[in-house]
Amino acid sequence: MPETPTGPFQDVGLAIVAPSGYATDEAAFLHALDKLAELGFRIHNYSDPKDKFQRFGQTDDVRLRQLQEATDNPDVQVVLCVRGGYGISRILPELDFKKMAASGKLFVGHSDFTPIHLGLLGAGATSFAGPFIFPDFTAEPLNAFAMEQFRHCLTSSTHEVAGQMEGNPDVDVSGVLWGGNLAMLTHLVGTPHLPQFEDGILFLEDIAEHPYRVERMLLQLLHAGILGKQKAVLLGDFSAYRLTDYDNGYDFNTMLAYIRERVGIPVIAGLPFGHVLQKATLAVGAQARLQSRNGAWELSMRDYRHL
């Protein structure tokens, strides 16, 4: 690792934790730490790729302790996860979100990390839906768009991401930006771990979920009274599913048209976020404005904690 960091995160303490899955390639993991050090981070690694339990980064107690120790470490400013997968649900009741929020740490992740974003937001803190070690910092080469989004969102007081998708409705709304992985968010419905937000901008993504399963989860959010209370829904990447002859023409676009007819709020598609390398970083809990016209859209964020 470089002795004198010169990157954009010079002298920023970075904790590496594995609250969900484990590093599948030790060499790639160590190389990713070198890349992060080149960006200027001072690495505090709480995860040993040799040390795993079943499909998890470690036992529930150890994974919980990693988050607790990273939260308590005064030399850490940013907490980054090894990967997603599954595991947060097992330790969710033991997480002290008030303490995590009060620590001032910037927590970064997506997918299985969604309940932590929502727990922090419920405790009054913003966090960042963004990259993992795997696959974002193990990619060769690093994705330039994702790295610039990560840098800018963590170091600036405002942040933007834009895109275009045919069929998007015209819209101009403002509200708190919140959301994450659709399956994880739906999994929290009816539990004390899903804060109640109204008049927000809800962003969603998922992977390997057939369009009918995406539709079913969106309808559950609608029937639970969540979607109807939002200003708009912003859809990220939904890929890696498999259609069959049985679908008989029912695909993601067909599902999206059906949902748009029923939810009563604008649904914008095309957010570059989710299980893709071309990944935006989003400030969860920021004040946001979503504008869309003729299919082109822009999401601007402000009023969030940053470096």
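Predicted model: local features only at pLDDT ≥ 70, side-chain atom pairs only at ≥ 80, totals over all residues.
**Notebook: a first look around**

I started with the secondary structure, and the protein has ten helices and 13 strands (DSSP runs numbered from the N terminus, with helices being H or I of at least four residues and strands E of at least two). Its radius of gyration is 19 Å, close to the 19 Å that the globule rule gives for 307 residues, so the protein is as compact as a globular protein of that length. That radius is taken over C-alpha atoms, and the rule is 2.2 Å times the number of residues to the power 0.38.

Residues are numbered from 1 along each chain as its sequence is written, and side-chain values use heavy atoms, with hydrogens and water left out.

**Confidence**

I checked pLDDT next (the predictor's confidence in each residue, from 0 to 100). The mean for the protein is 97, and 98% of its residues reach 70 or more.

**Inside and outside**

I found that 54% of the 307 residues count as buried (buried is under 20% relative accessible area, exposed over 50%, partly exposed in between, with a 1.4 Å probe and protein chains only).

Then I picked two loop residues. Aspartate 247 sits between β9 (232-239) and α10 (252-263), and it is buried at 15% relative accessible area. Glutamate 166 sits between β6 and β7 (171-181), and it is exposed at 80%. I also looked up how far the C-alpha of glutamate 166 is from that of valine 79, 87 residues away along the chain, and got 37 Å.

Most residues other than glycine have a negative phi, and most peptide bonds are trans. I went looking for exceptions.

The bond from phenylalanine 134 to proline 135 is cis, with omega near 5 degrees, and proline 135 is in helix α6 (residues 133-137). The bond from glutamate 140 to proline 141 is cis too, with omega near -5 degrees; I found proline 141 in the loop between α6 and α7 (144-155).

For phi, aspartate 199 is positive, near 60 degrees. I placed it in the loop between α8 (182-187) and β8 (201-207), partly exposed at 44%. Alanine 240 has a positive phi of about 70 degrees; it is in the loop between β9 and α10 and counts as exposed at 56%.
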